[in-house]
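Thanks for coming. I will go through one model today, starting with the sheets and then the helix packing.

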Amino acid sequence: MNISLEYPWMLALVALPVFVFRIFPVYLQPAASIYLPFFARLVAATGQAPTSGSQVKQRKRIQAVALLLSWLLTIICLARPVLLGEPVITQKTGRDLMVAVDLSQSMEQEDYQLNEQGKVSRLVALKSLLNTFSKQRNGDRLGLIVFGSGAYLQVPFTEDITLWQTLLQQMDTQMAGPATAIGDAIGLSIRAFDGSNTTQRILLLVTDGSDTSSRLDPVDAARVAAAEGIAVFTLGMGSIDTEGEDKVDFNTLNKIAKITKGHAFEGNSTDAIEQVLRQVNEIAPAKYQQQSYLPKLDIYPWLMGPMLIIYICVWLALTISTAVAAKRQAYVK
């Protein structure tokens, strides 16, 4: 059990009454008087009640104790004692990472090796590797965009990695159309980042072709992304030596990465893609911020309550005893 004072400097007020009495002494009005040390016996012997001002009432010891105790407790309450609980640690995401995946028809080609499964399609291999990659992004918010003839937001930024993985597995080729709209995918990513309040924004753009149907030129879209502080990591699924319709436009992907201060990668095999994702983790590791605070419970209500009760009880006891004494004196008279 840890107890702390929020305003410990308030304890200096304990000595305040001493200075008050020193600077402002008790007000006394001079008058002719005779001091009788046996005044009480004289009153009892004569049976006469003393008039107002004929005697100076002395503070009883219980009054002094109650007053001193009340003052001390009041000062302690002003210092605001609190009971400290166990530290509570919260994690805040430090980076938003959007993954844009090309779902054009060419992603159906079974030219990638995936462990014991043998030859699988590019999309199946990519799903498996992205699933592993997402598990390493603890602390980041992930989003998912699919694009083909158009670009569509599949998963807005979320900290729920399990949900992201589930929707990743549900995507399929040509669900966004047979063509490739790289520029539109970047443009949609920019809009998705509008609601992001993190300072580090990353887009992982995965494609196995060239832009064929974008309304927004990919390079122009990259310039806008750079102005918004979005770094684009491009991953071309294919070989630089490939020719014809299946050729990946590595030249454009390199320009996009350079403009946005990102990185361009070639993923011509499952092992190559795995190495790329590992490099992405090294270049932009998952990041989160930890915030901790101590729960505090104010104690002063538990001090003020008993103090008031004690003070009221003492006041009532003194009032009653004074009243009883006055009645007895009147009866004797």
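Axes are lines fitted to C-alpha atoms, for helices over the stretch in contact, and angles run from 0 to 180 degrees between N-to-C directions. Helices (H or I, at least four residues) and strands (E, at least two) are DSSP runs, numbered from the N terminus.

This is a predicted model, in which local features need pLDDT of at least 70 and side-chain atom pairs count only at pLDDT 80 or more, while totals for chains, interfaces and linings use all residues. Residues are numbered from 1 along each chain as its sequence is written, and side-chain values use heavy atoms, with hydrogens and water left out.

Now the sheets. Two strands pair if DSSP finds at least two bridges between them.

Met98 has Gly143 in β7 as its bridge partner.

Strand β10 holds Val232. Val232 has 0% relative accessibility and therefore counts as buried (under 20% relative accessible area; exposed is over 50%, partly exposed in between, with a 1.4 Å probe and protein chains only). Not counting residues up to four places away in sequence, Val232 touches Leu203, Leu205, Ala225, Ile256, Ala257, Thr260, Gly262 and His263.

Next, helix pairs. The axes of α6 (residues 182–192) and α7 (residues 218–227) come within 8 Å and cross at roughly 20 degrees. Angles under 35 degrees count as roughly parallel, over 145 as roughly antiparallel, 65 to 115 as roughly perpendicular and the rest as oblique, so α6 and α7 are roughly parallel. Ile182, Gly183, Ile186, Gly187 and Ile190 in α6 meet Pro218, Ala221, Ala222, Val224 and Ala225 in α7. By class, this contact has 8 nonpolar, 2 polar and no charged residues. Ala, Val, Leu, Ile, Met, Phe, Trp, Tyr, Cys and Pro count as nonpolar, Asp, Glu, Lys and Arg as charged, and the others, Gly among them, as polar.

How do α4 and α5 pack? Helix α5 (residues 161–170) packs on α4 at an angle of about 175 degrees, with the axes 10 Å apart. The two helices are therefore roughly antiparallel. On the α4 side the contact includes Lys127 and Leu130, and on the α5 side Trp164 and Leu168. Its residues divide into 4 nonpolar, 4 polar and 2 charged.

Last, Arg122 in helix α4 (residues 122–135). Is Arg122 buried or exposed? At 6% relative accessibility, Arg122 counts as buried. Its contacts, leaving aside neighbours within four places in sequence, include Asp111, Tyr112 and Asp208.

How values were computed:
Contact = heavy atoms within 4.5 Å.
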